[in-house]
Amino acid sequence: MELIKDIVCQVYFDGKSTEKIFELLNLYLPKYEPLNLDYTSRMDSEEGFSSNKEMINYFVNTDHIDQTFYWNQYIDNPNKISFGVNITDDNKTVFSLTIDGTITLAEIYLNDLKQRLNSDIGVITFVNPAEYENGLDFKMKYE
């Protein structure tokens, strides 16, 4: 089977949850590299973040705000998984796993992610993530 680089598996989640983000991040990338605390900033002040959890909480708990996060793991990661979270401005989340692997492996990851998110809405793309405006648009296009 042919190894394909940058296969993107994306799944819709009907809501926002700091706990779900960190649960899946720790599952797929147990030795992930934390984000730099200047990865993004607050929309309403100059105040910085003191931790990754505080940063994620801010975007989860602020309505109608759009932010994407990506984590990597540079050791013990044979499929070169990167984990992504797009918090959309309509208060939904699109989770993604980007891997190097086969179509069969991508389908396994997509179905696993769907099951863990209790969602039947997802898509596999190559190199670039799927295009969508917000959570509802993703749901309508890939349902």
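Which residues point one way from strand 3, and which the other way? Select strand 3, residues 82-87. Ser82, Gly84 and Asn86 point one way, and Phe83, Val85 and Ile87 point the other way. All are buried, meaning under 20% relative accessible area, where over 50% is exposed and in between is partly exposed (1.4 Å probe, protein chains only). Six of the six residues of strand 3 are buried, so this strand is largely enclosed by the rest of the structure.

This is a predicted model: local features need pLDDT of at least 70, side-chain atom pairs count only at pLDDT 80 or more, and totals for chains, interfaces and linings use all residues. Residues are numbered from 1 along each chain as its sequence is written, and side-chain values use heavy atoms, with hydrogens and water left out.

**The sheet**

Show the strands. Strands (E, at least two residues) and helices (H or I, at least four) are DSSP runs, numbered from the N terminus. Five strands form an open sheet in the order 2-3-4-1-5, with antiparallel pairing. Strand 2 (67-72) and strand 5 (122-126) are the edge strands, and each pairs on one side only. Neighbouring strands of the sheet are turned by 20° against each other on average, direction ignored. Two strands pair if DSSP finds at least two bridges between them. Axes are lines fitted to C-alpha atoms, for helices over the stretch in contact, and angles run from 0 to 180 degrees between N-to-C directions.

**Strand 2**

Move to strand 2. Six bridges join strand 2 to strand 3, and the two run antiparallel. Tyr70 stands opposite Gly84 in strand 3. Colour the side chains of strand 2 by face. Gln67, Phe69 and Trp71 point to one face and are buried.

Next, select residues 93-101, which are strand 4. Strand 3 and strand 4 pair in the antiparallel sense over six bridges. Val85 has Phe95 as its bridge partner in strand 4. Ile87 has Thr93.

The hairpin of strand 3 and strand 4 has five residues between the strands. One stop in this loop is Asn91. Asn91 has a positive phi of about 65° although it is not a glycine. Most residues other than glycine have a negative phi. Asn91 is buried, with a relative accessible area of 18%.

Return to strand 4 and pick Ser96. At 6% relative accessibility, Ser96 counts as buried. Show its contacts (heavy atoms within 4.5 Å). Leaving aside neighbours within four places in sequence, Ser96 is in contact with Val8, Cys9, Gln10, Tyr70, Ser82, Phe83 and Gly84.

**The helices**

Which strands does helix 2 lie across? Select residues 52-61: helix 2 lies across strand 2 and strand 3, running at about 150° to strand 2. The buried residues of helix 2 are Asn52, Met55, Ile56, Tyr58, Phe59 and Val60. Their cover includes helix 1 (18-28), strand 2 and strand 3.

Step into the loop between helix 2 and strand 2 to find His64. His64 has a positive phi of about 55° although it is not a glycine. At 59% relative accessibility, His64 counts as exposed.

Now take helix 3, residues 103-117. Helix 3 lies across strand 1 (4-13), strand 4 and strand 5, and runs at about 20° to strand 1.

**The largest pocket**

Show the pocket surface. A pocket is an open set of points on a 1 Å grid over the protein atoms alone, with protein on both sides within 12 Å along at least five of seven lines; lining residues have an atom within 4 Å of a point. About 160 Å³ of space lies in the largest pocket. Grid points are joined across faces, edges and corners, and a volume is the space filled by probe spheres set on the points.

The largest pocket is lined by 15 residues, of which Gln10, Thr68, Tyr70, Asn86 and Tyr132 lie nearest its centre. Strand 2, strand 3 and strand 4 each supply at least two lining residues. Strand 3 gives the most, with three.

**Last stop: Val127**

Go to the loop between strand 5 and helix 4 (135-142), the place of Val127. Is Val127 buried or exposed? At 53% relative accessibility, Val127 counts as exposed. Val127 touches Asp6 and Val8, not counting residues up to four places away in sequence.

Conventions: 1 Å grid on protein atoms, 1.4 Å probe; cavity = no way out; pocket = protein on both sides within 12 Å on 5 of 7 lines; lining within 4 Å.
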